[in-house]
Amino acid sequence: MSAKAISEQTGKEFLYKYICTAAAVQNRFCYANVTTETDWDRLTQEHPWLLTKSLVVKPDQLIKGRGKLGLVGINLDLQGVQDWVKTRLMKETMVAKAKGVLKNFLIEPFVEHTQDEEFYVCVYAAREGDYILFHHEGGVEVGDVDAKAQRLLVAVDDKLSEEQVMEKLLVHVGDEKKGVLASFIVGLFNLYEDLYFTYLEINPLVVTGDGVYVLDMAAKIDATADYICKAKWGDVEFPPPFGREAYPEEAYIADLDAKSGASLKLTLLNPRGRIWTMVAGGGASVVYSDTICDLGGVDELANYGEYSGAPSEQQTYDYAKTILSLITCEKHPQGKVLIIGGSIANFTNVAATFKGIVRAIKDYQGPLKEHEVTIFVRRGGPNYQEGLRVMGEVGKTTGIPIHVFGTETHMTAIVGMAMGHRPIPNQPPMDAHTANFLLNASSNAVTPASTRTASFSEPRAATEATHPKKSKTSFPAAKATTLFSRHTKSIVWGMQTRAVQGMLDFDYVCSRDEPSVAAMVYPFTGDHKQKFYWGHKEILLPVYKNMDDAMKKHSEVEVLISFASLRSAFDSTMETMQYAQIRTIAIIAEGIPEAQTRKMIKMADEKGVTIIGPATVGGIKPGCFKIGNTGGMLDNILASKLYRPGSVAYVSRSGGMSNELNNIISRTTDGVYEGVAIGGDRYPGSTFMDHVLRYQDTPGIKMIVVLGEIGGMEEYRICQGIREGRITKPVVCWCIGTCATMFSSEVQFGHAGACANQASETAVAKNQALRDAGAYVPKSFDELGDVIKTVYDELVADGIIVPAQEVPPPTVPMDYSWARELGLIRKPASFMTSICDERGQELIYAGMPITEVFKEEMGLGGVLGLLWFQRRLPRYACQFIEMCLMVTADHGPAVSGAHNTIVCARAGKDLISSLTSGLLTIGDRFGGALDAAAKQFSKAFDSGMLPMDFVNKMKKDGKLIMGIGHRVKSINNPDMRVQILKDFVKQNFPATQLLDYALNVEKITTSKKPNLILNVDGFIGVAFVDLLRTCGGFTRDEADEFVEIGALNGIFVLGRSMGFIGHYLDQKRLKQGLYRHPWDDISYVLPEHMSM
C-alpha cells in the first residue's frame, strides 16, 4: 500500500526536524515514550523536564478521539503520570468496534492555554491536489470539520502563499495571530509536500504569545516514497491499527516483500480462526475475503493476504510455510480449512508457484493432518493444469484432503464448498490443456457456455445504432472514444521480450496485418535489433537507447507501454508526453509515489493523453490490440474468445480480476468488446468514468461491466451519470471489499487505493448507491456472472445484440521453451551436470544447499569433496585435502611453473594469462606425478607384487618410479611437508595399506641413493588412494575411477594455483620490469656438424 499511518511521536519528530517557518514552534522534541519496558529513572535522566514541568500523557497507538474516550491525562506531575499509566498499561480497551491493549504512551509538557487559542488544521491529498482545512475553533469538541472548516485546494504543482492562507483560511482569525498562523501553515504544507505526507492533522494547534504548540497530531505518509525520503525518514516503523497486534510473521512477510519484485502481504485477523486463505492477486484476495464474510465466516476468518507478481518457487515456499505454521499452532474442534485461491493469472506460471506451496505442504503434512486441515484450490492462468495436477497428487500421497478446481469452476465457488454451503463435486476439472491452443479454437468444446452460441455481436446498421441521449449533464466527453484499433502501433519501454512476444502472438491470432509493436526503448543498451516470432516467421524489432530516436523513426506510433521500474516510470512518462503523437500510455509499475502520479495525471489532462495505470496489467481490445501481458497466454486468449470482439465492455481496478472477468463474460455472453484494468493505486491515471463514457459512446458496445472497489468516490460518478441520462446502456456493477465493514480494525487490502477513509467510500455504501441509481448490482461476487448473463439474455431477446457465426482463429505455434515447460516435448541436453545446481533460490553443491555447507562448517575440503567426489567426506578427509592444498601451494620461484608465471607477469600480461602460463608446465616432470604415482603403486600392490620385485621390474623396464626422488631432500634431510602429512594420515586414516607399501619401496630406493625418497607428490598420491578406498564413501571401482580420470593431479593444480597467483601479485607489487635472461647463464654452442 502507499498511505500508511505513523505514530504521533514519529509525525512530530518529522515536523520538529524539518518544518521551515517564521513562527516560533515551541516544545520541540519534548516528548518521552513509555512502554512495559520503561525504566522511569533512566527516562528522567534522558528527559529532565519530566521532573519540572506539568505533563500530558496519552496512548500513541493510532486511536482517534482520545480526549472523548478519557484516554488523555492532563496537567499531571511525574508521579501522577506514573499512576495514570499504571492503571491503563497492558489493559484491554474498547475503541469503537476494536478491542485492543494499551501498551505505548506519549508524555509531553502540558501547555496552559485558553479555548480561543485552539485551532484546527488538516492537509490531505486528493486527485486534483491537496486540500487544507482550517477552523478557528479546535480541540475535543471541534465537531464536523468537513462541514464547518474553511477549505483551500492547492492544485498539483501549485505553490501555497501566506496571502492565500490569510485570504481563504484565516477569515475568522484575529489580526494579531494571522501572521503567525499563515507562516506556520505555509511551512506545514511545504513539510507535507517535501516528506510525502498524504494526511496531516493537528487538533488542537495552540497559538499563544510565546508561539505555536502542536498538541495532538495524526499523520500518514506515502510509504512508496521511501527511496526518495529515506535520508529524512530514517527507518520508519508503521504501527498496526488499534485492536490488531503486530505479529512477527507479518514482519517476516513484509521483509520478504521488501526484498522481492513480487508482492507478498499478510495480515493476521484472528489467529485462532478456522478459515485461512492463501490467495494470488490483490483484487482476488479481497473477493475471497468478501465471500467468506458474506457466508457468515467473518468471526472465523484468520487472515488476509495475497501473493502476486510472479514470485519465485522459493518465495512462494517461504510464504506458504509461514501460513501453514500459523494454521498448525492451535487446534480447532471443527478442524480447519485453507483456501488456496486466485483469479486467472496473466503472466504468473501457476505450476512454478504451486511447486513452492507443494513443498511447504509436504514439510507440514504431519501437523496438517493432526490439525484436520482440508485444502481447497482454485486457479487459472499459464500452466495451471500442471499446477492443479501436482496439487492433486500431493493430496493423494500425503493423505491430506485437497480439492482441486480450475477455470471451469467459478472463482469463489470453493468458499461455499469449504464452509459447507455447497456440495463438493466429484468429477475432475474438464478444461482443455494449455497446449490445446495449437488446435483450432472451434474444437475446444468447453469454451462456450452450453446456454449460448459461440458467437460475437454483428455490427448493426447505422440506422439502428444506439446513440447516447442528449442531455445537459455535468460530464464532459471522454478524451478519446477509441483508444485502440486493428492498426494501432505502440512502443514498449523496457526489455520485456515475453510481453512483446505475447502481444505479437495476439496480433497474429487476431489476423492483424502487422505487429502492434513498432519498437522498444531500453536506455541501458545501445541501439540494436531484437528477434521475435510473427506466427511461424522470425522478425526483427528495433530497440533504441533514446526515446527521441524511437519517436522520430516511428511517427505512426500513438501508444506507449511502459515497463519502467517504479523509480524511473515518472521521468520516462513525463518525457513521453512531450511527443504529441502519443495519445495513450500504459504504466505497469506498482509503487510509484502518489505525488508523482498526480503530476503525471495533470500533464496528461493538459496534453489530452489517456493514462492506464499505474499498477496495472493494462487492457485488451479483442481482435485489435492488447497491452503487454493482459489476457494471459494464448490458451486463455482463445478460451475467453479474446481474438474477436463481443458486445460487453468492462473496467476494473485489478489486473488479475480483469482476466477473471474475461472468463466470466466469455462464459455468459458473446464475449468482450474491450476491457481495461485502471490499476490499484489511489489515483489511477484514468478513472472508471473515463472508460464508462467511452463505452457509452461506442456503438459496438451494448452493455458495460464495472468491478469497483472499496476506497475513493469514483463509483458515485457512475451513479450520477446513470441518473442524469449520460449513461443509457445497461451497467452491471459490483464493488469488492464489502468485508471491510465487518472487521473490528482497519485492514489495508492489496491495492493501495483499497481503503475507506469515510463511510461513503465503503463497498457496501457504493453498491447500494449504484443499485439505487439503476445499475444492475448482484448480491455478491458469486452472483456476478448470473446477473451479467441475465442482462445479456434480455439484450439478445430484445434484438439489441444479434449473435453472428463464430470464425475460428488461425493457429499459432507454441514456443519451444514454453512447450518444454509444459512437458509436451523432450530433447537431449547439450550438457549434463551432477555436481551443482544454481537454478533455484539457493545454490546447491552435489545436493547440499550452500547455507548448509556453511552451517556445517565443511570448509574448503568439504566443498571440494562435494564438487569433485560428489560425497560428503568425513571430517578427517576434508582436513587432509586442505593440508594437501597447503603443502602444495608453493615451492619457491625457481620451479618451472612459478618461473613461467613470473616471466609472464613481468612481460605485462594479466593475471589469467600469467597463471595459465605457469599451469601449462605441470606434467609428468613437474607436479603431475600424483596420478602416475597412485596408478603405479596401486597396480603393483593390487597384483601382490613385493616391493623389491616392483623396484626391480621398474628398473628392468627402464621406467622411473613416479613419486620417488627429490633434487634437494633426502633420507638425511627429510621433507617436512611429507612428515606432517604422514603423521596426520597415520593418526586419522582407518587403514594405510598402499602408503605402507610405498614406504617399504622407499626403504629399498634410499638404500641405493639417499635422495630417492617418497616425495610429496608420491605421498599425496598413495595416501589419497588409501583415503578413497577406506573412508567408506566409495566402492573399489569408484575409487579406482577417480584415480584414472585425473582427480589427484587436480589437488596439485589447485594448490599450486595459489602460489602462482602469489608470485604474479608479488611481481606487480614490486613493479618488476620485463625479464631478459642473462647471457652468462646461457651456453652458446655451434651446431654439432660445424664444430667438427
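Trainee: How do helix 33 and helix 35 run relative to each other, roughly parallel or roughly antiparallel?
Mentor: Helix 33 and helix 35 are roughly parallel, a label for angles under 35 degrees, with over 145 being roughly antiparallel, 65 to 115 roughly perpendicular and the rest oblique. Their axes cross at roughly 20 degrees and come within 9 Å. Axes here are lines fitted to C-alpha atoms, for helices over the stretch in contact, and angles run from 0 to 180 degrees between N-to-C directions. Helices are DSSP runs of H or I with at least four residues, strands are E runs of at least two, and both are numbered from the N terminus.

Trainee: Before I go on, what kind of model is this?
Mentor: It is a predicted model, where local features need pLDDT of at least 70, side-chain atom pairs count only at pLDDT 80 or more, and totals for chains, interfaces and linings use all residues. Residues are numbered from 1 along each chain as its sequence is written, and side-chain values use heavy atoms, leaving out hydrogens and water.

Trainee: Which residues meet between helix 33 and helix 35?
Mentor: Arg977, Val978, Leu981, Lys982 and Val985 of helix 33 meet Val1016, Phe1019, Ile1020 and Ala1023 of helix 35, where contact means heavy atoms within 4.5 Å. By class that contact has seven nonpolar, no polar and two charged residues. Nonpolar covers Ala, Val, Leu, Ile, Met, Phe, Trp, Tyr, Cys and Pro; charged covers Asp, Glu, Lys and Arg; the others, Gly among them, are polar.

Trainee: And helix 31 with helix 37, at what angle do they pack?
Mentor: About 150 degrees, with the axes 7 Å apart. Helix 31 and helix 37 are therefore roughly antiparallel. Ala929, Leu930, Asp931 and Ala934 of helix 31 make the contact with Ala1047, Leu1048, Asn1049, Ile1051 and Phe1052 of helix 37.

Trainee: What about phi of methionine 90?
Mentor: Phi there is near 65 degrees, a positive value in a residue other than glycine. Methionine 90 sits in the loop between helix 3 (78-86) and strand 5 (92-95).
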